[in-house]
Amino acid sequence: MNPWVSIVLALVPEVRAVVAAIAALRKQYPAMTPAEIQAIVVDVTGQADTAFDAVLAKIEADKQAHP
Amino acid sequence: MHRKHLKTTAASAVVLAILLAGCAHKIPNPAPTPPQVKVSNAVNALAASLDAAITGLISARDNGKLSQEDLRVARDLATAMATTGKQIDAELRSADPWADQKLKIARLVVDSGVATAVKKLPPTAATILAASLALFNEISLGAGGPAL
């Protein structure tokens, strides 16, 4: 038999095993629960509010300085 | 032993070829970011952007590149965006389902008057506020509202 054919035939189970392993890695990342989503939203919007307050304070300070 | 090593090396090469041939496109993407989180992140980015914009506007006025009147127009617009941003934050933290939050947020955006006020913005101020306006637009679109 042609040696290359032998090599290819020998490789088939190896490749099959690797492809199966790759398929097993295609796991779905679980979607976030509503509680997890809300926790993130509360944290991020809290930071935003602090920043907005700073913006409004800066605007007000400039208004006072330049009526 | 040498034959087994050769076999393993060849197998690795074949696997690499398979991966390069586009196996990656079959791997599903992770779960998409929830829309409430996207909008929250955009609002947070808006706050940071407005802070930088206000500093820029004041500096432009102090350097004579922006008149006091033009600064006032820009300041009012920034105030409207910041105030609306806080209202959107409050809605995002509410117990309303996302479908209801979307409607309320879209309404807040329309009622803010930003879409009208932006048309009166002088060019220098418009440039300084461009990033903030883009984020405000992103928030509106994220909630199913109109584009500015």
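Modeller: Gladly! Let us begin with charge pairs: a search of the whole structure finds ten salt bridges over all chains. Please keep in mind that this is a predicted model.

Biologist: What makes the pair B:Arg75 and A:Asp62 a salt bridge?

Modeller: The side chains of B:Arg75 and A:Asp62 come to 2.9 Å, N to O. The cut-off is 4 Å between a side-chain nitrogen of Lys or Arg and a carboxyl oxygen of Asp or Glu, so the pair at 2.9 Å qualifies. This pair crosses between chains, linking helix α3 of chain B with helix α2 of chain A. In general, side chains of opposite charge can pair when their charged atoms come close.

Biologist: Why is B:Arg75 called buried?

Modeller: B:Arg75 has a relative accessible area of 6%. Buried means under 20%, so B:Arg75 counts as buried.

Biologist: Let us turn to B:Arg72. What makes B:Arg72 and B:Glu69 a salt bridge?

Modeller: Their side chains meet at 2.7 Å, N to O, and because the cut-off is 4 Å, they pass. B:Arg72 and B:Glu69 are three residues apart in helix α3 of chain B, so they are separated by about one helical turn.

Biologist: Which residue does B:Arg72 also pair with, at 3.0 Å?

Modeller: That is B:Asp76, where 3.0 Å separates the closest N and O atoms of the salt bridge. B:Arg72 and B:Asp76 are four residues apart in helix α3 of chain B, about one turn of the helix.

Biologist: Why are B:Arg72, B:Glu69 and B:Asp76 called partly exposed?

Modeller: The label covers values between the buried limit of 20% and the exposed limit of 50%. B:Arg72 has 34%, B:Glu69 has 44% and B:Asp76 has 35%, so each of them is partly exposed.

Biologist: Now the nonpolar side. How many residues are in the largest nonpolar core?

Modeller: There are 41 residues, and B:Leu50, B:Met81 and B:Leu129 have the most contacts inside the core. At least two residues each come from α2 of chain A and from α2 (35-62), α3, α4 (98-111) and α7 (130-142) of chain B. α2(B) gives the most, with twelve residues.

Biologist: Which residues is B:Met81 in contact with, leaving aside neighbours within four places in sequence?

Modeller: Among them are A:Phe52 from the other chain, and B:Leu46, B:Leu50, B:Val114, B:Leu129 and B:Phe136.

Biologist: What is the secondary structure of chain B?

Modeller: Chain B has seven helices and zero strands. Of its 148 residues, 38% count as buried. Its accessible surface comes to about 7800 Å², with 61% belonging to carbon and sulfur atoms.

Biologist: What share of the contacts in chain B between residues at least 6 apart in sequence join residues at least 24 apart?

Modeller: The share is 71%.

Biologist: Last topic: where in chain B is confidence lowest, and where is it highest?

Modeller: Helix α1 (residues 2-20) of chain B is lowest, at a mean pLDDT of 63, while helix α3 (residues 68-93) of chain B is highest, at 97. Chain B averages 88, and 81% of the residues score at least 70. For the complex, the predictor gives an ipTM of 0.78 and a pTM of 0.73.

Note on methods:
Residues are numbered from 1 along each chain as its sequence is written. Chains are lettered from A and ligands numbered from 1 in the order in which they are written. This is a predicted model: local features need pLDDT of at least 70, side-chain atom pairs count only at pLDDT 80 or more; totals for chains, interfaces and linings use all residues. Side-chain values use heavy atoms; hydrogens and water are left out. pLDDT is the predictor's confidence in each residue, from 0 to 100. Buried means under 20% relative accessible area, exposed over 50%, partly exposed in between (1.4 Å probe, protein chains only). A nonpolar core is a set of buried Ala, Val, Leu, Ile, Met, Phe, Trp, Tyr and Cys residues joined through side-chain atoms within 4.5 Å. Contact means heavy atoms within 4.5 Å. Accessible areas come from the Shrake-Rupley method with a 1.4 Å probe; for residues, only the protein chains shown count as cover.
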